[in-house]
Amino acid sequence: MVMQHDPLAAVEAAALFARDPDYLLQDARATREPVAQRIVLTLEACASKKGAMTIMELVQATGLAKTTVHRMCWKLVELGLLEHSADGFSVGSKMFALAAANPRISQLRIAAIPHLVELQRRTGAMSNIAILSNGRALVIDGLFTTGSVQTLRLIGHALPLHCTALGKAIAAQFEPEERDRLLFSKGPLARATRNTLVQPGLLRQHIQRVAETGIAVADRDFLPDIKAVAAGFRLRDGGAAAIGVLEAWNSPTLHNAPLAVAAAAAALHRELSQ
């Protein structure tokens, strides 16, 4: 089994060891739900939106009581994990510092920067890199373009493995039994577009071809107008990562993407294995 490091673990610990735990625990005692789960729900809800969220929006997003959300948000502001403005609550800058402290992610991001730049130069497409985290492809960095997908911001998003190029490339790094666990252990797969493969047999064959060729392609599998190409590699701790590019599905800039992403993945694997 692959051991995974959750970037949010430090966030949970920071809140749980706050000097005034009773302020957060009042409602948790009444409902017997773990306070850490409420903290993560609130932080994830704020992170899911580009702008700030009001108390009522957070209530709807988390399913928590209004009084709970109110107490939670103001305590998290005090801890620096959320920030408050006239528009509501948003992720605090301390979250960036905590995420940057993850040694595996930090090392991979630093190593990937020149390769992301080179991929963008060679293909003219948006380049990005992801790591396996909690059964999904967590995008940890990327370079944007001035092209048609300029507004597509994936950094920080956890993408499904079965219908994204980064996800397929990561899944293909494992043996078939482990692939099945990663892909199917949480029940039926969701269909993102009409091109999404959700039938287990067909998807197994597809991922096996990715493993054999070293190249994963998602042609409008995840987003209806986007094509992506990626290549994966294993990490020293047993995990996996993938680097790739994406662009409008009919863009001619991706014709040399397979060779470019394969070279980037191979170089990163060599560098990180030393």
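This is a predicted model: local features need pLDDT of at least 70, side-chain atom pairs count only at pLDDT 80 or more; totals for chains, interfaces and linings use all residues.
## Basis

Local features need pLDDT of at least 70 and side-chain atom pairs count only at pLDDT 80 or more, while totals for chains, interfaces and linings use all residues. Residues are numbered from 1 along each chain as its sequence is written, and side-chain values use heavy atoms, with hydrogens and water left out.

## Nonpolar cores

The largest nonpolar core has 31 residues. A nonpolar core here is a set of buried Ala, Val, Leu, Ile, Met, Phe, Trp, Tyr and Cys residues joined through side-chain atoms within 4.5 Å. Buried means under 20% relative accessible area, exposed over 50%, partly exposed in between (1.4 Å probe, protein chains only). Ala-137, Leu-161, Leu-166, Ile-170 and Leu-183 touch the most other members. Elements giving two or more residues include strands E3 (126-133) and E4 (136-143), and helices H8 (165-171) and H9 (176-184). Helices (H or I, at least four residues) and strands (E, at least two) are DSSP runs, numbered from the N terminus. H8 gives the largest share, five residues.

Ile-170 touches Ala-130, Ile-131, Leu-132, Ala-137, Leu-161, Ala-240, Ala-241 and Ala-242, not counting residues up to four places away in sequence. Contact means heavy atoms within 4.5 Å. A second, separate core has 27 residues, including Ile-215, Ala-231, Ala-241 and Ala-264.

Arg-38 is found in helix H3 (residues 35-47). Arg-38 counts as buried because its relative accessibility is 4%. Its side chain makes a polar contact with the side chain of Thr-68 (3.4 Å). A polar contact is a pair of N or O atoms within 3.5 Å; within protein, one must be able to donate a hydrogen and the other to accept it, and residues adjacent in sequence count only if both atoms are side-chain atoms.

The axes of H3 and helix H5 (residues 66-79) come within 11 Å and cross at roughly 80°. Axes are lines fitted to C-alpha atoms, for helices over the stretch in contact, and angles run from 0 to 180 degrees between N-to-C directions. The two helices are therefore roughly perpendicular (65 to 115 degrees). Arg-38, Ile-39, Thr-42 and Leu-43 in H3 meet Thr-68, Met-72, Cys-73 and Leu-76 in H5.

## Trp-249

Trp-249 lies in the loop between E8 and helix H11 (257-273). Trp-249 is partly exposed, at 37% relative accessible area. Trp-249 and Arg-220 are 29 residues apart in sequence, and 6.8 Å apart in space, C-alpha to C-alpha. Trp-249 touches Arg-220, among other residues including Asp-219 and Lys-227.

Methods. Angles under 35 degrees count as roughly parallel, over 145 as roughly antiparallel, 65 to 115 as roughly perpendicular and the rest as oblique.
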